[in-house]
Amino acid sequence: MPILGGYSSAELLDRAIASLAEVQRVVVLTQPGDQTSYPERWQRVPLPDTGEGALIDTIAELAKNGQTITEILIRHADEPFLDPLFATRMIAEHRRYVAEYTFADGYPGGLAPEILAPSVLPRLRALSRDESAGRDALFTMIQRDINAFDIETLLAEDDMRLLRIELNCSSRRNWLLCKRVAEAATPATTSPSSPASPPTTSVPTIDTIVSTIRADLGLLRTLPAYVMVDVVEGTPQDVAYSPYRLFGPAGKGKQREMAAERFASIIAEVEHFSPGSVYSIGAWGEPGLHSAVLELVEAAADVPLVIETSGVGWDPAVLERILARDQDLTWIVHLDAIEEGTYRRVRGDGFTEAMRFTERLFSAAPAKAYVQTVRYTDLESHTEAFYRFWHERTENIIVQKYDPVCGVLEDKRVTDVSPVHRFPCWHLKRDLMVMVDGTVPRCREDIYRKHAVGNIFSDGIEAVWDALDPVHRAHARGEYPAICVQCDEYYTFNF
């Protein structure tokens, strides 16, 4: 799909590469079955598989056939923004310090290339593992023995890592971001005599892109990435730190539930609008109480699904059927305690059931199971013991910050770890919350739905998502509506 001036990501990249005198040839390594169209002058070389070893072996074979290769410039074909002057500077620094690996740090992802000395390929091959090579495969392998390499780093004056920007076209979200940034950084120009003159196709420089993003952080909100669906209204427990207990009858004991067919319809609509989203059930209500929880899981067979649960109220037979399924499931068990007295004080009954549930998850899916506790004043003395206990078993431990829910609950935070300088809310930028009846509140903090923007079933995903954009735009201008002023969840980040 075009990014700027009718040019695709690869075509814009090729235009920039053409300005680099140091580049002798361009090779694109393609995955098995890749049917993407690339510029004609690029040499297409298929990888035998997706593994790290295959990647390094293929690069080494190509380097062996080129007697004059002094360095290898690594770039992803779906990253349209290559600044020739910046790349030339990186090459000069790489040569000046006789580096083996050179990269830029602090810039938005996708702007700077990586530079590799051919001599390090045998060492990288020795560090490769039998796993798929991700987007950052080279640095991942180097990190396994980082002191064995001579590394040169170009640091950005404005460190933008906190913004988690990825300027590539690996998803519709990222493609839309690239398109928006390109258009904002390179506005179309017309002349009075030629009102229909085409837009410019020059690729913006790295400095222009950085300044454009800083000038308007509202550009960064594209499409939803994390969709929380409350499939059940109610919970079997009265948790001491949860605002759900203030909901009246809905706070404890099962009330309403969302039909599995409706949950499936949400997934279908969101995937059409924003493919590759992650879905979550259990934001407030307990999914284990749903009469058709297996059908809910089946409805999410083709998407990543996060199940947040207390581990209480599940039918063991249904749980076994879910665990036997081959799909992308992540479990988060809200445990809070490792001994019954503390557990009862915080969560009430169910300690033995919850521990048994958790043990079963770690037995069946250890890599995808997480235990969670909330750090707050009433539980602080137990937090370290919780961590030490589970750390003997797993690295998948979540110590969640206490959430006063914009002043609804008493502030029992142990410490304030919010950033010194506030930035637009992560949740407004990438999350969508859907209640059991389809109502879409502003966010998870809007527990009384005073700021609801519509209903996903009657209004549709695009309408409710777009209705939240003005709030994010206000954040980008440093303006915070009343409910947001008191919130410190803006910097927390979901899966």
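1. Across the protein, buried residues make up 51% of the 495.

2. Housekeeping: this is a predicted model, where local features need pLDDT of at least 70 and side-chain atom pairs count only at pLDDT 80 or more, while totals for chains, interfaces and linings use all residues. Numbering runs from 1 along each chain as its sequence is written, and side-chain values use heavy atoms, with hydrogens and water left out.

3. On the overall fold, I get 18 helices and 15 strands (DSSP runs numbered from the N terminus: helices are H or I with at least four residues, strands E with at least two). The radius of gyration is 25 Å, close to the 23 Å from the globule rule for 495 residues, so the protein is as compact as a globular protein of that length (C-alpha atoms; the rule is 2.2 Å times the number of residues to the power 0.38). The C-alpha trace spans about 70 × 60 × 40 Å along its principal axes.

4. Back to Leu223, which sits in the loop between helix 7 (206-215) and strand 7 (226-229). Leaving out residues up to four places away in sequence, Leu223 touches Arg172, Arg173, Leu176, Phe273, Ser274, Lys429 and Trp465 (contact means heavy atoms within 4.5 Å). Its C-alpha is also 9.2 Å from that of Glu462, 239 residues apart along the chain.

Definitions and conventions
Buried < 20%, exposed > 50% of the residue type's maximum accessible area, 1.4 Å probe, protein only.
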